[in-house]
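I opened this entry to record which contacts I looked up, and in what order. The structure goes in first, and my notes follow.

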Amino acid sequence: MLGFIVRRLLYLLPVLVAVSLLTFLIASLLPGDLAYVILGDQATPENVAALRHDMGLDQPIWWRYLGWLGHVLQGDFGRSFRTGQTVLQAVADRLPVSIELMLLAEIMGLIIGVPLAIVCAARAGGAFDRIVTGTAFGMLSVPTFLSAILLIYLFAVELHLLPATGYVPLSEDPIGNLRFFVLPALTLALAEWPGIMRVLRSDMISTLQEDYIALAKAKGLKPSRILFVHALKPSSLTLVTVTGINIGRLIGGALIVETIFALPGIGRLLIGAIFTRDLIILQGVVLLVAAGFVMMNFVVDLLYAVLDPRIRHGHA
Amino acid sequence: MATLDLGMEDDIGAAPAPRSRQLGLLFWIAIGWMALVFALALFAPLLPLPSPTDMDMLERRAPFSAAHWLGTDGLGRDELARLIHGARISLAVGLFAPVIGLVIGGALGMLAGYFRGRLETLVVGSMDVLLAFPPLVLALAVTAYLGQSILNLTLILGVLGIPAFMRVARAATLTLARREFVIAAEALGATHRRILLRELLPNVLLPLVAFFLLGVAVTIVAEGALSFLGLGVPPPVASWGSMIGEGRESLDVAPRLAFLPAFAFFLTVLSFNLVGDSLKAVTDPRQGAL
C-alpha cells in the first residue's frame, strides 16, 4: 500500500508542476498586459514601463515563472490589486460556502440516486426501471442552468416557498443558511443523480447474478436484506471512482449555481475576478482549484485502492 | 453538468440493459428534430424573419402575435428570430469544436495505442495535465484572457475535448491492434503508415463518430453555460445560452423568455445524446462478435 501511495505521489508531482506552468502561461502569454489593466486610464508609456519594471514584468518569462512558483511554494499567491486582499484570504473566506454546497449536493444526489438504482436493479427491465432509466437519460441533457431556472420559477416565483438568491453564514442562522442552500444544492443534485443511478444500477445487476446472491435467496433471506446488505457494498466500487470523476463536473456546476443563486463561494470569486479583470486573483484561484482537484482525485484513487486490492498490485 | 467529461461513466462496468441493435422510433424523431434545427439555422438569413437584433422599445415583452410569432424579448427583439439565429451559434460552436477534438485527440489516441511505449506515456501524461483543470474553470479562465469571440470559444471548447477523444481512440486502437487482420497485415510487411490509415482508421472512426455526437451535446451545453454567464458569445449576438440568461431577469413577468430557448436547447442536446448513444451501442468494438 505504501508503495502504491509513493508511486501515485511521484506521478502527481510532474502533473502539479505542469498545471502551475500552464496556469502561469495562460495568464502571461495571452494579450492584456497586467500593467495596462492596473493603470487603466493613466496608462502612459512611461507609467506602464515603470510599473512593468516594478512588477518584474520586463524580465524573461521563465525567470518570472520561477519567481512566481517560489512565492507560491511559500504560500504567497499574491494579492488583488483592486481590493488588496490576498488570494489565500479570499479563497479561505469563500471555500466553506462552496464545500457546503457541494457536500449537500452530493448527499442529495446519493439520496435520490442510490435507492432508485437498487429498486431498478432488483427488477431490471421492468416498467419502473425503464421509466427511471429513461428519466435519468433525459436528465443528462438538462444542464444545471436549466434546472436552476426551472426550480427558481417553481419554488421561488410561483410557490414563494424558498428564497431564490441570498446567503447567511451557517454560524449566524443555521436554519436560514440551509433554506438558502436547498435550491442550489438541489439543482446540482439533479445533475448528479443520473450518473450515480446508472453506474450503481449496472454494477448491482451484475452483482445480483453472483452465486452467493443465489445462495442467500435459497436460504430464504428477505429480498430487501439481500439488496441492501449483501449486494450494495460490493456494487459500490465503481461509484467511488465515478464520484471522483464527477468532482470536476461538480466544481463547474457549483460555479454556475453560485452565480445564479448569489452564493458567495469560490465560483463567484472566480467569475467576479474575470469581470473585473483581477488577473492575480484569477491566476491564484485557477491554480488552487486545479491543485485541489488533482489532490481530490488522488484521494479517490487511494480510497479505491483500499476498497479493491487488485488496483494496488496493478492487476486491474 | 456543463463540462466536458464525455460519458466516462459508460466506460466502466457492464453495459446497462441489453440494448436492441435496432434504432427505435425515438432515434428517428431525434434525427428529425436535428434536421429541422439544422435547416432553420442554415437558411436563417433567407427566411422571412425580422432582424434578431433590431430593438423596439414600444413592443417590449410583447405576447404572441402575427407580427411576432413567439412575441418579443425584454428589449423588443423578435423572439423567434433570436431563437433561430441562436441555433446558428449553438450549432456552429457545437459542431466545429468537437471536430478539433476528433482530429487531434483521435490522431494522438491512435498513435499512442498503436506505438505504445514512451509516446503513449507522454500523450497520456499531457492529457492528464489538461484533465487536471475542472473544464469549465479552464474554459472561463482562457476566455477571460483571450477575449470573448465565437472563434475563441470554439477553439477552447475544442481543445478541452481532446483528452476524451484521445481516450476513445486509444482504447479502440488497443483492442483492434491485437486482432487478426492487423497481425496479418503486419505479417505481410505492411508499413506502420498503411496499418494505421488503411487497417485501423476505418475501424476506429466508427466509435469516434458516435462519440463525436455526444461531444456535440456536451459542447452545446458548455457553450450555453458560458453564454448564460455572460462569458460566451458577446452581445448582441443571440445564443440559446445568453437568451436563457437574459430571460432569467424576467422570470416573474414573462417566464416564456427563459423557457422557450431552454426548451429548444433541451430538445437539441437530448437529440444529440440519443443519436450518439444509439450509435455508440451499435459501433462499440467490444460488442463486435467476430
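I began with helix 5 (residues 87-122) and helix 6 (residues 127-139) of chain A, whose axes come within 8 Å and cross at roughly 140°. Helices here are DSSP runs (H or I, at least four residues), numbered from the N terminus. Axes are lines fitted to C-alpha atoms over the stretch in contact, and angles run from 0 to 180 degrees between N-to-C directions. Helix 5 of chain A and helix 6 of chain A are therefore oblique to each other (under 35 degrees is roughly parallel, over 145 roughly antiparallel, 65 to 115 roughly perpendicular, the rest oblique).

This is a predicted model, in which local features need pLDDT of at least 70 and side-chain atom pairs count only at pLDDT 80 or more, while totals for chains, interfaces and linings use all residues. Residues are numbered from 1 along each chain as its sequence is written, and chains are lettered from A and ligands numbered from 1 in the order in which they are written.

Which residues meet in this pair? I noted Leu116(A), Val119(A) and Cys120(A) in helix 5 of chain A against Phe128(A), Asp129(A), Val132(A) and Thr133(A) in helix 6 of chain A. Contact means C-beta atoms, placed from the backbone, within 7 Å.

Next I looked at helix 5 (residues 150-176) and helix 7 of chain B, which pack at about 150° with axes 9 Å apart. That angle makes helix 5 of chain B roughly antiparallel to helix 7 of chain B. Among the residues that meet are Leu157(B), Gly161(B) and Phe165(B) from helix 5 of chain B, and Pro207(B), Phe211(B) and Glu223(B) from helix 7 of chain B.

I then turned to the interface, where 44 residues of chain B are in contact with 51 residues of chain A. On the side of chain B that touches chain A, the largest share, nine residues, comes from helix 4 of chain B.

Last, I checked the largest nonpolar core, which has 152 residues. A nonpolar core is a set of buried Ala, Val, Leu, Ile, Met, Phe, Trp, Tyr and Cys residues joined through C-beta atoms within 7 Å; buried means 20 or more other C-beta atoms within 10 Å of the residue's own. Leu270(A), Leu282(A), Val285(A), Val137(B) and Ala139(B) touch the most other members. Helix 7 of chain B gives the largest share of this core, 18 residues. Leaving out residues up to four places away in sequence, I listed Ile156(B), Leu157(B), Leu160(B), Ala222(B) and Leu226(B) as touching Ala139(B).

Key
Contact = placed C-beta atoms within 7 Å. Helix = DSSP H or I, 4+ residues; strand = E, 2+ residues; numbered from the N terminus. Buried ≥ 20, exposed ≤ 12 C-beta atoms within 10 Å, placed from the backbone.
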